[in-house]
Amino acid sequence: MGTAPQGGSVKTGKMPEGEKTRQCKQEAEQQHKEDEQEGLIEFYGSYQELFQFFCSNTTIHGAIRLVCSKKNKMKTAFWSVLFFLTFGLMYWQFGILYREYFSYPVNLNLNLNSDRLTFPAVTLCTLNPYRYSAIRKKLDELDQITHQTLLDLYDYNMSLARSDWSTVSTRKRTSRSLLHHVQRHPLRRQKRDNLVSFPENSPSVDKNDWKIGFILCSENNKDCFHQVYSSGVDAVREWYSFHYINILAQVPDAKALDESDFENFIYACRFNEATCDKANYTHFHHPLYGNCYTFNDNSSSLWTSSLPGINNGLSLVVRTEQNDFIPLLSTVTGARVMVHDQNEPAFMDDGGFNVRPGIETSISMRKEMTVRLGGSYSDCTEDGSDVPVQNLYSSRYTEQVCIRSCFQLNMVNRCSCAYYFYPLPAGAEYCDYTKHVAWGYCYYKLLAEFKADVLGCFHKCRKPCKMTEYQLSAGYSRWPSAVSEDWVFYMLSQQNKYNITSKRNGVAKVNIFFEEWNYKTNGESPAFTVVTLLSQLGNQWSLWFGSSVLSVMELAELILDFIAITFILSFRWFRSWKRHSSPAPPPNSHNNAAFQDEASGLSAPHRFTVEAVVTMLPSYNSLEPHGPSRDGEVGHE
């Protein structure tokens, strides 16, 4: 019989051994199921467990070697270095691809098109600044002053060389106003080594050591600008042009200079074997090139070329004799022609070329269109609305239109007047030294800054995204020939009252035509699109790791898990630090909940899902020693 323990007795029912074994198995299976069951969101207990799981299950090549070789530290180190080195090289290639993508490269596409072509606009100028009646008197006065200046500087008497040039003007007395301003800006000769002026007819000066120019001073004469030329011809023309512009600016109405004499300049005009009429041209006046006529500039009825070749273009017979001209302003004979697109101004200084007298000039054209990508791919503009320069021309935007408008606006802002060669801004007036005494000084100073791009016009003005150009090639031949000139001049005299004395230098012929129907289009297309970028990134990923898009998702999952574990561990550390930094509780006040919190803080489980496992204590009978019982029974294990 067993002896009951002191302090009381416990009386329990006896459980059969089979029932007890079956109950223990059920409890073990239930505990195993609870351990195997996964939560909705679970994270790893440590970084080591996270990376070990990733390397064992990822589809990225080489990662499994970090786990398989963990017992060999040398292999583990080798594969770790190789793995991360490969990652570095791959992302270095990624950086190169991204840099190339964000540089927005383009491909140049060349297309040849064949179609009926719209004939371009053609501008033809007389190269003969005319003595318009509105300014004839002042021009005669300027010629008289120039005659005396050339006589003083060069001992050249213009009246002896051209006695019929100004029979009246040389005898007239100049007005005080014009003479005063000319004397303020006199033409002087200067030493080459310095800018010291010498008096006229100085015997101590070697004429071969001269530089000719004129001085422009500010309004208070404190600062002067020396405009000097090594060529006396250039100096005289520039000095004369300066005073000529002031005379033109004094004309209140620009229409007073509109003296068109089309029939006296254009003897014959044909397009596609059909005669031109007044509806096919427009007229404007150029200060230096005289009367100018633009053909095919009417957008409502544009010419089209049905066939290429010299017989299917524009053919002109023009008069090149200079009658009643200004010899100090124009030193060449002939005509000036320019081919340009419709709705574009004719800048004769930039794209024009001269036609020689007595010569037939045949100009063949090839059309070429350029279409650029806008936005991030190039610094071009669609219509100039995004360019910070006001368009002063009544035409569409071009780069030259913008540059000239930029200079004119700076001219008005700096000099308080506008340059006569460019359009007049609203509220401004043209420069005239009777009103703006020092505008010449301001203009030449501003022009020097403009050429050095101090004004920023060349940076502000961008190229248009779409533009049309014409590539020209010219051929020359004598016209009319020696055997045909008699009947040609006779017919011209009968039809056009051709009565000039120098027949050979009095006329010229111009043919302008398309060389072929084909025209070239230069277009741009993106060289690196989003599809191309993804393809290149996939190629690099496959090269270095031989994996797919799902492998990239695995790597993204690893990064997210790493961030989540870092956040959770940081939060647990913060709670533990806060608990230990709080005041200690009084003795014998620990309750069951505090004990559980302390126990959970001492040992970190593998999973952050905390589950309570209740294990039943053994029954009282199981604590009794084995042997004969009090009732005489034998205990069995």
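The structure is a predicted model, in which local features need pLDDT of at least 70 and side-chain atom pairs count only at pLDDT 80 or more, whereas totals for chains, interfaces and linings use all residues. Residues are numbered from 1 along each chain as its sequence is written, and side-chain values use heavy atoms, with hydrogens and water left out.

E7 (residues 266–271) and E12 (residues 314–319) run antiparallel and are joined by five bridges, two strands being counted as paired if DSSP finds at least two bridges between them. E7 is also joined by two bridges to strand E8 (residues 274–275), again in an antiparallel arrangement, and Phe 271 stands opposite Ala 274 in E8. The hairpin of E7 and E8 has two residues between the strands, and in this hairpin Asn 272 takes a positive phi near 55 degrees.

A further open sheet is built of five strands in the order E9-E10-E3-E13-E14, with antiparallel pairing. Because strand E9 (281–286) and strand E14 (353–355) stand at the edges with a single partner strand each, one side of each is left without a neighbour in the sheet. Neighbouring strands of this sheet are turned against each other by 30 degrees on average, direction ignored. Strand E13 (residues 335–340) and E14 run antiparallel and are joined by three bridges, with Arg 336 placed opposite Asn 354 in E14.

Among the helices, H5 (residues 136–154) and H8 (residues 232–249) pack at an angle of about 155 degrees, with their axes 11 Å apart; axes are lines fitted to C-alpha atoms, for helices over the stretch in contact, and angles run from 0 to 180 degrees between N-to-C directions. H5 and H8 are therefore roughly antiparallel to each other, given that angles under 35 degrees count as roughly parallel, over 145 as roughly antiparallel, 65 to 115 as roughly perpendicular and the rest as oblique. The contact (heavy atoms within 4.5 Å) involves residues of H5 including Leu 139, Leu 142, Ile 145 and Tyr 154, and residues of H8 including Val 236, Trp 239, Tyr 240 and Ile 247. By class, the contact of H5 with H8 has 10 nonpolar, four polar and two charged residues, where Ala, Val, Leu, Ile, Met, Phe, Trp, Tyr, Cys and Pro count as nonpolar, Asp, Glu, Lys and Arg as charged, and the others, Gly among them, as polar.

H8 also packs against helix H12 (residues 439–451), at an angle of about 120 degrees and with the axes 12 Å apart, and these two helices are therefore oblique to each other. On the H8 side the contact is made by Glu 238, Phe 242, Ile 245 and Asn 246, and on the H12 side by Trp 439, Gly 440 and Tyr 444. The residues of this contact divide into four nonpolar, two polar and one charged.

The chain averages a pLDDT of 76, and 73% of the residues score at least 70, pLDDT being the predictor's confidence in each residue, from 0 to 100. Among the elements of the chain, helix H11 (residues 399–415) has the highest mean pLDDT (94) and helix H17 (residues 592–602) the lowest (44). Over residues 195–205 the pLDDT is below 50, and beyond near neighbours in sequence this stretch has 23 contacts in the model. Where pLDDT is low, the predicted coordinates should not be read in detail.

Terms used: Helices (H or I, at least four residues) and strands (E, at least two) are DSSP runs, numbered from the N terminus.
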